[in-house]
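Try each task before reading its solution.

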Amino acid sequence: MEWQQLEYFQTVARMEHMTRAAQFLSVSQSALSRSISRMEEELGVPLFDRVGRSIKLNRYGELFLRRVHRIMKEYEEGKHEIRNMLDEEAGEVMLGFLHTLGSHLIPDLIVTFRASYPNIRFQLNQSNTASLLQQLIQGSIDLCLLSSPDEANPSVEWKKLWSEELFIFVPAHHPLANRGSVSLEEIADEPMVSFKKGYGLRNVIDRLCMEAGFAPKIAFEGEEVPTVAGLVAAGLGVALIPDVKGLTDRKLVKLSVSSPECYRIIGAAWMKERYLSPPAERFLQFVMHYFENAD
């Protein structure tokens, strides 16, 4: 069944007269009749009762017309929603980002961006790097801010934005707590609080520990920096994490890492061959320009 057939049926049902409907649609009466006949054959029932030179919807036609009205309404609303999403000045951006960026960076970016584009809306999704990449590939988000992927995906474009330093956090009563900085190997024998496997930051931490000559002794695993920091403050281990805004617990001590250099790279990712809406493209360019100037 073609879309045009639905439009023809809707018009004939409204006018209940084949000749007048054909004139209104600027088609021949024979072509309109064939279209209605094909629709009735496909549905397996007549939709109209013929009354002299006029026609009238029967109960099958009335039922089907309600459905066609709904289809047409959904179609028009869909077009309207898409136009709104594509509006450069008032569209929508579906943005994914790491949990660690949600407390300060993402709000700061959006506030700064909306100073120039106040009517652009955002759909926000926090998750880990692996999940964000999956959502990006599936098309549920337009772009995302995440750590550098372990494996390059030929369909994903990724651009470095900045490097984020990682620090060793220890409980306040820990023997290393009075040191300004330590080497990573000095915590080789310590129980470590880290992130679940598959998280981008967990992969970075494991790699850095291996570079320092040891495999981390993971005592507890969490999903967010505040959770990991809370477990450290409770004396359940040490952690290698970024200094996320808001980690002000007096029971925590932050130590710089003297060697090796401990950092992770954060960047923006989007699909290479997929259409990027004007508001999403505008926000992406804003983000890249924002960090170029920050350097």
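Lys and Arg count as positive and Asp and Glu as negative, while His and the chain ends are not counted. A charge is placed at NZ of Lys, CZ of Arg, CG of Asp or CD of Glu. This is a predicted model, where local features need pLDDT of at least 70, side-chain atom pairs count only at pLDDT 80 or more, and totals for chains, interfaces and linings use all residues. Residues are numbered from 1 along each chain as its sequence is written, and side-chain values use heavy atoms, with hydrogens and water left out.

**Exercise 1.** Find how many positive and negative side chains the protein has, and how far apart the centres of the two sets lie.

Solution. Count the positive side chains: 32. Count the negative ones: 39. The two centres lie 8 Å apart.

**Exercise 2.** Compare the radius of gyration of the protein with that of a compact globule of 295 residues.

Solution. The radius is taken over C-alpha atoms, and the globule rule is 2.2 Å times the number of residues to the power 0.38. The rule gives a value near 19 Å. The protein has 30 Å. Now check the box: the C-alpha atoms fill roughly 100 × 40 × 35 Å along the principal axes.

**Exercise 3.** Locate Pro260 and describe the peptide bond that joins Ser259 and Pro260.

Solution. Helices (H or I, at least four residues) and strands (E, at least two) are DSSP runs, numbered from the N terminus. Pro260 sits in the loop between β11 (252-257) and β12 (263-271). Its bond with Ser259 is cis, with omega about -10 degrees. Most peptide bonds are trans.
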